[in-house]
Structures are given as structure tokens and as C-alpha cells.
Amino acid sequence: MPVSRRHVVLGLAVALAGCGKVRESKLNPFNWFRKSKPRETIVLPGAETDPRPLVDTVLSMQVEPIPGGAVVRARGVTPTQGWWDAELVKQDVEEEGVLVYEFRLQSPPDRTDVSTQQSREIDVAIYLSDVKLQNVHEIVVQGAKNARSARR
């Protein structure tokens, strides 16, 4: 049975009309998390298990979708230069659908200079699989003075 030109045009029109819906739907991984916004810090009960201090200020945070999951990236600024061993440390939170990470790092062993803000910025990232993100609707990264979050 030959396919007529009318059927082809109709099929293309239907396919293109659906593209706008997919772009805005939750099926599109680029829509999973929006830009981060400032958020109130979450006070966690219990003793801290990590002796490293929190980063002074969380400047930015974003969730970037990749095949099989997403990468959470955060940038913080420290009071002086020389901070190292930065890591996002997962915290146990009772609130359903919220992942909270503390931005922890090691202080310099000796006294260091202050210099420019750019020289004191530190980036850190962590990979989260689709399985870990399945029921998550908000990711929070906390520092000593502030927190940032990204929501679905």
C-alpha cells in the first residue's frame, strides 16, 4: 500500500507538534533541576562526623544531567588561600525527597594569604545515579554562612 504525500505531511506535523511538549516535560533530562537559588540552611541534629570545617560561603551550585544520572557541582569561597581536600558530604535528612550535602574541606596547615576572591574559590562535584535521584525533588549544598538549592 503506497503512502501518500498527505500522510507523510500529516505525520511530520504531528511529530513536530509533539516536540514542544517534550521540551517542557519531565522526560527531558535538561528539565530535571532548575538553576540554584539561595536557601535557608538545614540544622541537623547530632554530632558532626566529619572534622573538616564547612566552606565559608557557597557561591554557586548546579545540577547537570548526564547519561545515567547527574553531576552536582558547587563553588565556594574560603577566608584565605590554601584550603584543600574539598568534598560534598551527604547528610541524613528526615525530609522526604531532599538530598543535603555539606561542602567540607581541609584548612591549610600553615598561615596563608587572603589575596583575591578568585584565588580563594574552590570547586567540587559529585556524581548521582538515576537510581539515587529517582524520588529526589530538591538538592541542597550547605556552607558555614549560606546554602543553595536546586529543585525539580
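Reader: What makes the contact between E138 and R151 a salt bridge?

Author: The side chains of E138 and R151 meet at 3.1 Å, N to O. A salt bridge is a side-chain nitrogen of Lys or Arg within 4 Å of a carboxyl oxygen of Asp or Glu, so the pair counts. E138 lies in strand 7 and R151 in strand 8, 13 residues apart. Strands here are DSSP runs (E, at least two residues), numbered from the N terminus.

Reader: What kind of model is this?

Author: This is a predicted model, in which local features need pLDDT of at least 70, side-chain atom pairs count only at pLDDT 80 or more, and totals for chains, interfaces and linings use all residues. Residues are numbered from 1 along each chain as its sequence is written, and side-chain values use heavy atoms, with hydrogens and water left out.

Reader: Is E138 called buried or exposed, and why?

Author: E138 has a relative accessible area of 2%. Buried means under 20%, exposed over 50%, partly exposed in between (1.4 Å probe, protein chains only), so E138 is buried.

Reader: Why is strand 8 called largely enclosed?

Author: Four of the five residues of strand 8 (residues 147–151) are buried, so the rest of the structure largely encloses this strand.

Reader: What makes D56 and K145 a salt bridge?

Author: Their side chains meet at 3.4 Å, N to O. The pair links distant parts of the chain, 89 residues apart. D56 is in the loop between strand 1 (37–39) and strand 2, while K145 is in the loop between strand 7 and strand 8. At 21% relative accessibility, D56 counts as partly exposed. K145, at 61%, is exposed.

Reader: Why are strand 2 and strand 6 called edges?

Author: An open sheet of three strands has the order 2-3-6, with antiparallel pairing. Strand 2 (57–66) and strand 6 (121–129) each have a single partner strand, so one side of each lacks a neighbour in the sheet.

Reader: What joins strand 2 to strand 3?

Author: Nine bridges join strand 2 to strand 3 (residues 69–77), and the two run antiparallel. E64 stands opposite V71 in strand 3.

Notes. Pairing = 2+ DSSP bridges.
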